[in-house]
Amino acid sequence: MKVTLAPMEGVMDHHMRQLLTSLGGIDLCVTEFVRVIELRLPAKVFRRLSPELYNDSKTASGTPVRIQLLGQNPRCLAENASKALHVGSDGIDLNFGCPAKAVNKSKGGAVLLKCPETLYSIVKEVREIMPTNQILSAKIRLGYEDKSLAIENAQAIAEAGADELAVHARTKEEGYRPPAHWHWIAKIRDAINIPVTANGDIFSLDDAKRCMEISGCERLMIGRGALAMPNLAQVIKEKEAPYTWAQTLDLMIEYLFIQTHGDKEKYLPNRIKQWLTFMRLQQPQALTFLHQVRKITTTTEMLEAIRHERSHA
Ligand SMILES: Cc1cc2nc3c(=O)[nH]c(=O)nc-3n(C[C@H](O)[C@H](O)[C@H](O)COP(=O)(O)O)c2cc1C
């Protein structure tokens with residue numbers, strides 16, 4: 001089984017990647033997207049988003065990190081893919097699933113799922129500029145408004161030369177509403193000859209087993225689930241039991257120390273609150289604790305609150 005940590009803009013930054021990969025079980029990380037419009041971006045843009053580039057594109061615990069690009073212009077994406085590889089990215093991932101209005105309006109992200117020909121052109125041009133030993137992956141949803149082009153889109157991406165495809169098993173219109181339609185991933189898998197990674201609503205070992213059974217995939221991608229249960233990758237590989245609330249609080253303290261590097265005092269409490277909103281999906285104590293810390297605005301106070309909670313856990 002291979003587990004990939006999902007890209008999550010504004011959430012899964014290099015600090016979170018460092019923390020979660022340190023727990024083991026994650027085989028690959030994909031970065032938050034780099035928006036590519038016209039220019040060939042300078043190296044610093046990629047390095048800011050993925051400081052792991054200074055470490056051979058690996059997190060501190062050695063998990064490979066792949067840069068994700070989001071755009072609509074084949075030539076421009078290809079040039080930026082080349083640049084990202086030049087600064088050391090471990091392959092390239094293309095985002096064809098972003099639902100954000102502004103992004104879709106400028107013809108990037110999920111809106112491209114309406115046009116298999118454009119997907120083909122983008123993947124082909126990016127593939128052609130990349131050395132053959134570098135992996136090109138793509139990430140899609142099942143469609144924009146409906147699923148009528150799901151298979152055609154996947155075929156276009158595979159035929160254009162992508163090496164791997166990750167499928168978030170919902171359309172753009174379905175947003176994040178459950179359920180994820182894992183059986184559609186099986187249909188896509190049957191229609192193409194490159195490895196498919198199943199994504200969407202994997203929060204537990206049971207979910208992972210059902211997803212693998214229904215989709216037929218041995219590759220899984222976890223996003224919100226990995227925030228809700230930090231050692232989820234180890235749990236679904238059946239190597240560990242889910243973290244207790246006490247273990248999770250210890251990890252939160254560790255996160256505050258990792259994040260403190262160079263970041264503002266006010267920013268950190270908000271990141272902890274954001275994390276708790278994902279955590280409450282699996283850990284009931286997280287919601288109660290979120291209510292308790294809601295008004296906290298400094299890192300020092302937040303640390304005290306977590307330590308206090310930990311002493312009772
Ligand atoms: C806050 C947030 C940010 C996201 N950012 C990205 C992104 O930058 N690129 C991308 O391909 N998908 C992005 N996604 C989608 C996730 O990668 C993933 O496909 C989705 O959350 C479903 O998987 P999950 O149920 O395991 O969370 C984002 C999702 C969320 C909730």
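**Strands, loops and a ligand**

Modeller: His 168 stands opposite Asn 199 in β7. This is a predicted model.

Colleague: How many bridges join β6 to β7, and which way do they run?

Modeller: The two strands are joined by 4 bridges and run parallel. Strand β7 covers residues 196-199, and β6 covers residues 164-171.

Colleague: What lies between β6 and β7 along the unit they make?

Modeller: Helix α7, residues 182-191, belongs to that unit, and β6, α7 and β7 together make a right-handed β-α-β unit.

Colleague: And which strand pairs with β6 over 6 bridges?

Modeller: That is β5, residues 136-143, which pairs with β6 in the parallel sense.

Colleague: How many residues of β6 are buried?

Modeller: In β6, 8 of the 8 residues are buried, so the strand is largely enclosed by the rest of the structure.

Colleague: What about β4, how many of its residues are buried?

Modeller: For β4, residues 92-96, the count is 5 of the 5, so this strand is also largely enclosed by the rest of the structure. Both of its faces are covered. Ile 92, Leu 94 and Phe 96 are buried on one side, and Asp 93 and Asn 95 are buried on the other.

Colleague: Which strand pairs with β4 over 3 bridges?

Modeller: Strand β3, residues 65-70, pairs with β4 in the parallel sense over 3 bridges. Gln 68 has Asp 93 in β4 as its bridge partner. With helix α3, residues 74-86, the strands β3 and β4 make a right-handed β-α-β unit.

Colleague: And over how many bridges do β4 and β5 pair?

Modeller: They pair over 5 bridges, in the parallel sense. Leu 94 stands opposite Ala 138 in β5.

Colleague: Stepping back, how many helices and strands are there in the protein chain?

Modeller: The chain has 14 helices and 8 strands. Its radius of gyration is 19 Å, close to the 20 Å that the globule rule gives for 313 residues, so the chain is as compact as a globular protein of that length. The C-alpha trace spans about 55 × 40 × 35 Å along its principal axes.

Colleague: What share of the residues is buried?

Modeller: Buried residues make up 49% of the 313. As for contacts with a separation of 6 or more, 68% of them are between residues 24 or more positions apart.

Colleague: New topic. Which residues come nearest to the ligand?

Modeller: Ala 6, Pro 7, Glu 9, Gly 223 and Arg 224 do, out of the 22 residues around the ligand. The elements that give two or more residues to this shell are β2, residues 28-35, and α9, residues 224-228.

Colleague: How do the residues of the shell divide into nonpolar, polar and charged?

Modeller: There are 8 nonpolar, 9 polar and 5 charged residues in the shell around the ligand.

Colleague: I also marked Val 11. Where does it lie?

Modeller: Val 11 is in the loop between β1, residues 2-5, and α1, residues 14-21. It has 16 C-beta neighbours inside 10 Å and so counts as partly exposed.

Colleague: Which residues does Val 11 touch?

Modeller: Leaving out residues up to four places away in sequence, Val 11 touches Met 16 and Gln 274. The C-alpha atoms of Val 11 and Glu 32 are separated by 8.2 Å, with the two residues 21 apart along the chain.

Colleague: Now the backbone. Which residues does a cis peptide bond join?

Modeller: Pro 178 and Pro 179 are joined by a cis peptide bond, with omega at about 5°. Pro 179 is in the loop between β6 and α7.

Colleague: What is phi of Ser 57?

Modeller: Phi of Ser 57 is near 55°, a positive value in a residue other than glycine. Ser 57 sits in the loop between α2, residues 43-49, and β3.

Colleague: Is Ser 57 buried or exposed?

Modeller: Ser 57 is buried, because 22 other C-beta atoms lie within 10 Å, and 20 or more make a residue buried.

Colleague: And what is phi of Lys 107?

Modeller: Lys 107 has phi near 70°, again a positive value in a residue other than glycine. Lys 107 is in the loop between α4, residues 101-105, and α5, residues 116-129. With 14 other C-beta atoms within 10 Å, Lys 107 is partly exposed.

Notes
Residues are numbered from 1 along each chain as its sequence is written. This is a predicted model: local features need pLDDT of at least 70, side-chain atom pairs count only at pLDDT 80 or more; totals for chains, interfaces and linings use all residues. The radius of gyration is taken over C-alpha atoms; the globule rule is 2.2 Å times the number of residues to the power 0.38. A residue is buried if 20 or more other C-beta atoms lie within 10 Å of its own, exposed if 12 or fewer, and partly exposed in between; C-beta atoms are placed from the backbone. Two residues are in contact if their C-beta atoms, placed from the backbone, lie within 7 Å. Two strands pair if DSSP finds at least two bridges between them. A crossover is right-handed if, with the strands pointing away from the viewer, the path from the first strand over the helix to the second runs clockwise. A residue is near a molecule or strand if its C-beta atom, placed from the backbone, lies within 6 Å of it. Ala, Val, Leu, Ile, Met, Phe, Trp, Tyr, Cys and Pro count as nonpolar, Asp, Glu, Lys and Arg as charged, and the others, Gly among them, as polar.
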